[in-house]
Amino acid sequence: MNEPTVIENLAAETRDPLLQALFTQAEPLAPDEEFTEAVIERTRRFKRRFLAGIGGGALAFAVIVLASYLAFPVLVTEWATLAFGFISTPIVSLGEGWLAWLLAPINTVGAILVALYKLIRVASRKAMG
Amino acid sequence: VTGASSWYPDTPEPLLVNLARGGDRGAFEEVVRRRQGQVRSLMRHLSNDATLADDLAQQVFLQVWLRLRTLRKVGAFPGWLKRIAVNTWLQHVRRNDALEASRELPETTEAPPESSPAVGLDLDQALATLSEPMRLCLVLSYHEGMSHGEIVEATGMPLGTVKSNIQRGAKQLRTVLAAYRETESNETES
């Protein structure tokens, strides 16, 4: 089957004049100050909830860490050491030379995790235009 | 900046969008003021419910405020806003399972529904007689002036489905409106 020509495409997109007139005549809604205020209030409410969520989450995390530290001081210190050791593990073993020193900030599991996060952010931004 | 809001009404939209992108609430407020008519009308055509339409339009602008930093070209704002509006509507429809239900409608519903005489000349009420996907395609084409390709991009529907929804939707809408006019003229004569 042949691809439709430009003229065929334009013909296919031609709108019904009667319906077009109806849509054009339909009264456009006048700006409503109450609506604008409602939107602004909604953005403020969202910001307040977001900040409360972040603050609450951080506080809960701090309380859990502190309580765990008070209850099991050795265990928490060991876990913290393990986690730090994991994110600073080199991906490629480069020995002790200047190259290893130069690439140290990006040659770690932590750097890969950050890069992955950035990639996902860029991809989602592109997807949203 | 004190008094900055006084010059917002005369500011070109791309500049307002750029300012709002940087977190300027006054500029965002002016963008809402200018674009609310378009978004609220679109939602009213789609939902035939003024309260629901305004609630969805508010959700659209909340999304705009949250995502504005991700908009790379301010010139792309009008199309970007339309996409957010369409996505908000589609999410609402999916939440209510209305889209799935309407897909199960018979293929040809050319005859006006029995309630058509009461539909009136009100375009939104006539549009409400169409299935969800048909109404969406028709409104985006006639109200927003979007091309078939743009509708495909905004809705994710295949091109053939978009074309068929617009053609069948237009035909059905004409039938509904004509049936109403006939009834109205008969009532006037008698």
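Tutor: Start with R33(B) and E33(A), whose side chains form a salt bridge with N and O 3.0 Å apart. The term salt bridge here requires a side-chain nitrogen of Lys or Arg within 4 Å of a carboxyl oxygen of Asp or Glu. The model is predicted, so local features need pLDDT of at least 70 and side-chain atom pairs pLDDT 80 or more, whereas totals for chains, interfaces and linings use all residues. Residues are numbered from 1 along each chain as its sequence is written, chains are lettered from A and ligands numbered from 1 in the order written, and side-chain values use heavy atoms, without hydrogens and water.

R33(B) also forms a salt bridge with E29(B), at 3.1 Å from N to O. R33(B) and E29(B) are both in helix α2 of chain B, four residues apart, or about one turn of the helix. Helices are DSSP runs of H or I with at least four residues, strands are runs of E with at least two, and both are numbered from the N terminus. R33(B) has a relative accessible area of 23%, so R33(B) counts as partly exposed. E29(B), at 25%, is partly exposed as well. Buried means under 20% relative accessible area and exposed over 50%, with partly exposed in between (1.4 Å probe, protein chains only).

Helices α2 (25-47), α3 (50-67), α4 (77-95), α6 (123-127), α7 (132-142), α8 (148-155) and α9 (159-189) of chain B each supply at least two residues of the side that touches chain A. α2(B) gives the most to that side, with eleven residues. In total, 43 residues from chain B and 31 residues from chain A take part in the contact, where contact means heavy atoms within 4.5 Å. Together the two chains bury about 3,500 Å², and 63% of this is on carbon and sulfur atoms. R25(B), Q58(B) and Y142(B) lose the most area in chain B to chain A, together 21% of what that side buries. Buried area is the accessible area (1.4 Å probe) lost when two parts are put together, summed over both.

What do the two chains look like as a whole? Chain B has nine helices and zero strands, while chain A has six helices and zero strands. Of the 190 residues of chain B, 46% are buried; of the 129 residues of chain A, 12% are buried. Among contacts in chain B with a separation of 6 or more, 64% join residues 24 or more positions apart.

Another bridge joins E144(B) and K82(B), with a closest N to O distance of 3.9 Å. E144(B) is in the loop between α7 and α8 of chain B and K82(B) is in helix α4 of chain B, so that the pair links distant parts of the chain, 62 residues apart. E144(B) is buried, at 10% relative accessibility, whereas K82(B) is partly exposed, at 21%.

For contrast, consider a residue in helix α9 of chain B, Q167(B). Is Q167(B) buried or exposed? Its relative accessibility is 52%, so Q167(B) counts as exposed. Q167(B) and M134(B) are 33 residues apart in sequence, and their C-alpha atoms are 9.0 Å apart.

T108(A) is in the loop between α5 (98-103) and α6 (109-127) of chain A. Its relative accessible area is 13%, so T108(A) counts as buried. Leaving out residues up to four places away in sequence, T108(A) touches I87(A), S88(A), T89(A), P90(A) and I91(A).
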